[in-house]
Amino acid sequence: MKISPQWVREFVDLTVDDRRLAEDLTAVGIAAEGISGSGADTVFEMEIGTNRPDAMNHYGVARETAAIYDLPLKPIEPKLPSAAKAASSSGSSGTAEAVPFPITVEEPQLCPRFTARVLRGTRIQPSPEKIARRLQLLDQRPISNAVDATNYVLWEIGKPTHVFDLDLLEGGKIIVRKAKDGEKLKTLDGVERKLTSEDLVVADAKKPVGLAGVMGGYDTMITEKTRNVLIESAWWDPVTIRKTSRRHALHTDASHRFERGADFESTVLSCDRVAELILESGGGELGDVVDVVSKRMDQAPVVLRVSEVRRILGGNLDAAQMFRILKKLGFELIPEGQADAYFRVRIPSWRLDVEREIDLIEEVARLHGYDKFQNTLPAYSGAVIELPDAAKEATLRKRALALGYNEAVSLTFISHADAEEFSSAKVLELENPLSEEASVMRTSMAPGMLDMLAWNLNRDSEDVRLFEMAHVYELSASGERIEPRRACLGATLTAVKGSLPAGAVLDVSKGDQATAAEAFRSFKGDVENLLAAFECDNLTFDRQVAEYLHPGRSARALLNGAPVAQFGQIHPEVAAARKLRQDVFLAEIDLERLYQQGLRKAQFRPLPKYPAVERDFSFIFADSVSFEQMQKAVGHLRLGELRDFQPVEIFRGGAIGAGKYSILLRATLQSAERTLRDDEIAQWSAKIVAALQGLGGVQRT
Amino acid sequence: MAYTVPKLTDYSTAALDRATRDLLSALEEESAAVRTEPEYEALRIRWRARKDGIVTQVNDLWLKTAPRQAKRNVGQKVNEVILSRVDAVLQERHDHVKNLGILEKARAAGLDAELDAARCAVELAESIDITLPGVRRPIGAEHPIIRTSNEIVSVFQKLGYSVADGPIVETDYYNFEALNFPPNHPARDTQDTLFIANQQSKPQRERLLLRTHTSPVQIRTMEKMRPPIRIVIPGQVHRNDPPDASHSPMFHQIEGLAVDTNITFGDLKGTLDHAMKELFGSSVKTSFRPSFFPFTEPSAELYVTCFVCGGSGKRGTEPCRPCKQTGWMEVLGCGMVDPNVFEFVKDNGYDPKKVSGFAFGMGVDRLALLKYGVDDLQLFFQGDVRFLQQFS
């Protein structure tokens, strides 16, 4: 919104320059965001809050200005011919038949006040230079003296008005009513609008002639031929105007102000001011004012306690300062109580935003100047409480970063199709999604992660490791919304292979299977490293995973038997559908489950005093025998001195028959009490060999 | 296993190259292990002894037996490559061994000057190219938004604030009603807020939506905890804004709330002034301008002196873009908790006649954008490692 400081100076005798004025207005919340032009053509670009429609005009800004500098504010007093004095008819019936122009308000709740004047025998012509110039300065196009008068008054005092060609109003009367469904009205912008019974209209005896508070009708507008004019200035229900404006996608300067609340007491003033301006340029004979008031909008007085101002604002403003500030803004204050302990304050009609004591306190603070209040720090003795899982989350984040995963944040929406593909949970669907691809809240972190991996691969970043910790959104079985926390890891094959140290390779056979096995192990290690931050005495793995993972190259991790994560290579078909240029690996960790575990506590064990002995066993097994089985078989021996049992090398092909593989296993034996003897080592080795043979293994010699 | 000169059956250039490479790498390896004169002498004899030294063997086994047409090629290889390289390596090693010897003797005799010279020579011979790039194991980068959020939270934790959180899918009650939004407030429009589908049968206050700010957690926390409280609430919020360089339908906020029997507007100002200095440096200035929010009154916007241009509005001779040349940047909205908000939790000790409080809320994404000079908000949400690694 634009404001001309020159125009403001008409109402207040200012000594400060425009730049200073802009700064001082901004400091009281009437923000002048920019200044353009110079001299009399200077214009402020204003940013005025929606709660302050009273300041969306020059007189309103002048009022704030007068309060800032403690200067007198000059009144606006239209000079009209004496015959046309205000003769108000405050009928509560909503109808005023005995007045110069018949006006019927059928919707008194939505139109509590309708003021009008008839002006006969005027000449429609271009506006005087001063009016035209001012409107142009505000980017308003001058049209004709009558139309410009309404526009000028809108920018001067903020009250929208309208002028009709009186002779085009059929039946010689005005009715304020709801439109009939399907009724049509061509508005001033030339658009024919189909009305509904929710629209409020100004109508003549036959037809709607204006969309109430939004825009007038085309067919009754002022033209060069117009001689007789009806000036309308009404007060409309803000909610009704807002809905109509939205319904017709028609936002006008008038609707902007009515939506936020116009000044109830300015209908006569604005009507008179429009009449004055038309008379000045076009002449004519002015009729009496018609003022139909169905309901008054008086606000109850508000009590302002000096002590309350200090309790909320701090500092030591005195009663005289409060009095001065509020008085300047148009509030009437009556000091009451002992030593003026409080004021009874009457709220001016243009301040619809002020209803309570706290609203007055804000006015006092605002005009006193926020920056003038001294900065203080409150005393406090409470303890600082972290979120219950803050330490766990921080630990996971640190570990993921240390493992080379970059933290990512993705959008929270996914498509219906992805929701179905990646999770079996019931989705929360959006009423007004941004797009089809973002129509439900994510039930899985996987689609977002895959999108990010694909984004990188499509930009030739091949070594990609990402992690994200966030919520998924589900409807529980009982229909309650839940927001479980998840962590998701994503990595490309390049990254997964790259992080495997040369010495860590187990499977030395050639071919894709060995590559896949090693890549999987590398990724699994990352998942294990994250889980290992938590107390977990029983971590196991099985193959029960979601369908988006490769069934042969993925696993589910269980903590004490409860699923906590699933991870592995993406199913080739999912990868193909997303045109992923590489195999990628994904892990979804259920943080709700994981956080039930405590963080692993560091515990000291004395370092061994006696040397450890390593024994290697080379075996050939059928492919169906897993390492886990060997581990269990050896574990069942319950050898107290067995410290560790690990695979060292795996090989398929060559001399090893199909469906079989060779594996080199290493047992580490150690005692805390003594050096082990050869005979006992031999005895245990024999037991290990026997256990492995029990699984069908054949020892190589 | 020690190197032995193989017999050649294939005299092609490739085979010859391979044999030469093996021989020279064996030489390098053996020579590197030599540290004393006797060891050097053994090495020299093994490689250069006229009778049966490795070079002699090469002559015998490769050159003499070579077919006529390969002779020239083999001869050239033996003389120009093997002979010269073997001699060079032996010479170099002998120098080094000599220096080692001097070093040893000087050390034993306590001859400082000679010791230094010998030490220098030895160290020089052992020096490597330290300008070769180091092998960097990848370290992940914390997301700039999370990092900024954590920084802000920790500033307030030091001031005694606890951390609170709440659901992202919220009810109208917590997101709007209890925060004093009037029933017809435009923020409730589908144009501004994302709603969960199929809620029409519920009363308005129970309808689900994606919270548009972290403020609902103020109410949730006050329902659970009696005053005094001091909390910060970091979290994700959503609005119906299509993604562009400065908008995202999902973004991050940090909310703060302090309620006690004696909290004033001056406390709000002092607390935020302190926090801004912690965040942006002690030279930063703050300014509070009147604003409007349904859940605070008086309400303010907090401006800080632009941390790009330091408040001058200029960067060198260029206008400062981030602050639009004003020297000030708006960083957050704040205000004194509106008494109407307290009314909703009055039964838990929040009688607006007895307690007062302040609240503030800031957009983390925008702060991160300004802090790191990022020009497109979307970069935060694409997971592009080229972007993320910049924050490592």
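Two strands count as paired here if DSSP finds at least two bridges between them, and strands themselves (E, at least two residues) and helices (H or I, at least four) are DSSP runs numbered from the N terminus. Everything shown is a predicted model, in which local features need pLDDT of at least 70 and side-chain atom pairs count only at pLDDT 80 or more, while totals for chains, interfaces and linings use all residues. Residues are numbered from 1 along each chain as its sequence is written, with chains lettered from A and ligands numbered from 1 in the order in which they are written.

**View 1. Strand 14 of chain A and its partners, strands 6 and 7.** Let's start with strand 6 (residues 113–120), which runs antiparallel to strand 14 and is joined to strand 14 by seven bridges. Here A:A116 has A:E232 as its bridge partner. Strand 7 (residues 162–165) also pairs with strand 14 in the antiparallel sense, over four bridges, and A:D165 is partnered by A:V229.

**View 2. The two faces of strand 14 of chain A.** In a regular strand the side chains alternate between the two faces of the sheet. A:V229, A:I231, A:S233 and A:W235 point one way, and A:L230, A:E232 and A:A234 the other. Seven of the seven residues in this strand (229–235) are buried, meaning that 20 or more other C-beta atoms, placed from the backbone, lie within 10 Å of a residue's own.

**View 3. An open, seven-stranded sheet in chain A.** Follow the strands in the order 19-22-25-29-28-27-26, with mixed pairing. Strand 19 (406–407) and strand 26 (539–542) are the edges, each pairing on one side only. Strand 27 (residues 549–559) and strand 28 (residues 562–570) are antiparallel neighbours over seven bridges, and A:R556 stands opposite A:Q566 of strand 28. Helix 16 (residues 512–531) packs on the sheet, touching strands 25, 26, 27, 28 and 29; contact requires C-beta atoms, placed from the backbone, within 7 Å.

**View 4. Where chain B meets chain A.** The contact takes 66 residues from chain B and 65 from chain A. On the chain B side, the elements that each supply at least two residues include helix 6 (144–158), strand 5 (250–260) and helix 9 (265–280). Look for helix 9 of chain B, which gives the largest share, eight residues.

**View 5. Two domains of chain B.** The domain assignment, automatic or from a database, gives domain 1 (13–125) and domain 2 (144–391). Their C-alpha centres lie 74 Å apart.

How values were computed:
A residue is buried if 20 or more other C-beta atoms lie within 10 Å of its own, exposed if 12 or fewer, and partly exposed in between; C-beta atoms are placed from the backbone. Two residues are in contact if their C-beta atoms, placed from the backbone, lie within 7 Å. Axes are lines fitted to C-alpha atoms, for helices over the stretch in contact, and angles run from 0 to 180 degrees between N-to-C directions.
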